[in-house]
Structures are given as C-alpha cells and as structure tokens.
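User: Please take a close look at one helix pairing in this model and describe what surrounds it.

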Amino acid sequence: VQDVTALLYPLFESYHAARLALERLPAPRWQHVAEDVQRQLDELVPPGFLTNTPWHWLQHFPRYLRAIEVRLDKLLHGGQTSDQRGLADLEPWIEAYTQRAQAHQQRAVVDNHLVQFRWMLEEFRVSLFAQQLGTSLPVSGKRLEKQWDKVQS
C-alpha cells in the first residue's frame, strides 16, 4: 500500500502534464500525432488500470507519461521529421498487437508473451520519442520481432 501511495502523486501529475500537452497540440496540423497519443493514453489508463496493471509495469507509468509530454514538446519545437519516422516504425507493431490482442480476447487466450510485447511497445515509444528518459529494458525493432515470434497465433 505504501508503494502504491508513493507512486500515485507522480503518476497522476505526469498524466495531467501529458493531457495538458495534448490539449495544447495545434489541431488539425498534428491530428495524426494527437490520435496516436490519445490511443496511448486510452491504453495506459483505462478504467481500473491501477488494479489491473501489473505492479512491475505500473511503476513505469510516470516515465511513460512524461515521454508523451517530451514527445509533444519536441514536435512543437521542430521535431516533426523525427516524430514521423518514429511513428512509421511504431505503427505496424501497434496494429499487429491490437489485432492479436483482440483475437486473443475473443478466444479468451492469455498469452504472457503478448503481455510482454505490449509493455515492450511502451518502452519502444520512450526510446523513439523521449530517449533521454531511458528504458527499463533494451528495446528495438529487432527485439520486438523476436518477442513477436514468441506470441501465440
């Protein structure tokens, strides 16, 4: 309980900062980025996320949320090309994950390799858009491929 309590303030402070950064993003110029960030926020903080997210990963939420803020700040200060490249690297993995997660949910399949892949995607986002924050594990396109190979079909 003490660990969770200590995490709540930085987690919600980071969430608030990420939401504000998203709201300040000029639309429609950055609509594609805004949609990606909103999708990420929806995935990170759905109803019940505090009790449904494994503690190991929940501890990283302040960094994931801070990475959103860093990404959007970079975008507004000339980082459009870098963001586009990062998003191009990320989107195929997100699409593959989303399709597989939906299929697993429909068939009531629990695949720990897919769960690990999901969190690797969050770390990959950090490495692409806010590298200075660091990742909790080594992650790259090649490492995502290796993990994906382990995911059940």
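Analyst: Helix 2 (residues 31–44) packs with helix 5 (residues 61–76) at an angle of about 175°, and their axes lie 12 Å apart. Helices here are DSSP runs of H or I with at least four residues, numbered from the N terminus; axes are lines fitted to C-alpha atoms over the stretch in contact, and angles run from 0 to 180 degrees between N-to-C directions. The two helices are therefore roughly antiparallel, a label for angles over 145 degrees.

This is a predicted model, in which local features need pLDDT of at least 70 and side-chain atom pairs count only at pLDDT 80 or more, while totals for chains, interfaces and linings use all residues. Residues are numbered from 1 along each chain as its sequence is written, and side-chain values use heavy atoms, leaving out hydrogens and water.

On the helix 2 side, the contact (heavy atoms within 4.5 Å) is made by Val-33, Asp-36, Val-37, Gln-40, Leu-41 and Leu-44. Helix 5 contributes Phe-61, Tyr-64, Leu-65, Ile-68, Arg-71, Leu-72 and Leu-75. By class there are ten nonpolar, one polar and two charged residues; Ala, Val, Leu, Ile, Met, Phe, Trp, Tyr, Cys and Pro count as nonpolar, Asp, Glu, Lys and Arg as charged, and the others, Gly among them, as polar.

Gln-40 of helix 2 has 6% relative accessibility and so counts as buried, the cut-off being under 20% relative accessible area with a 1.4 Å probe, protein chains only. Not counting residues up to four places away in sequence, Gln-40 touches Tyr-64, Ile-68, Glu-122 and Arg-125.

Note on methods
Parallel < 35°, antiparallel > 145°, perpendicular 65-115°, else oblique. Buried < 20%, exposed > 50% of the residue type's maximum accessible area, 1.4 Å probe, protein only.
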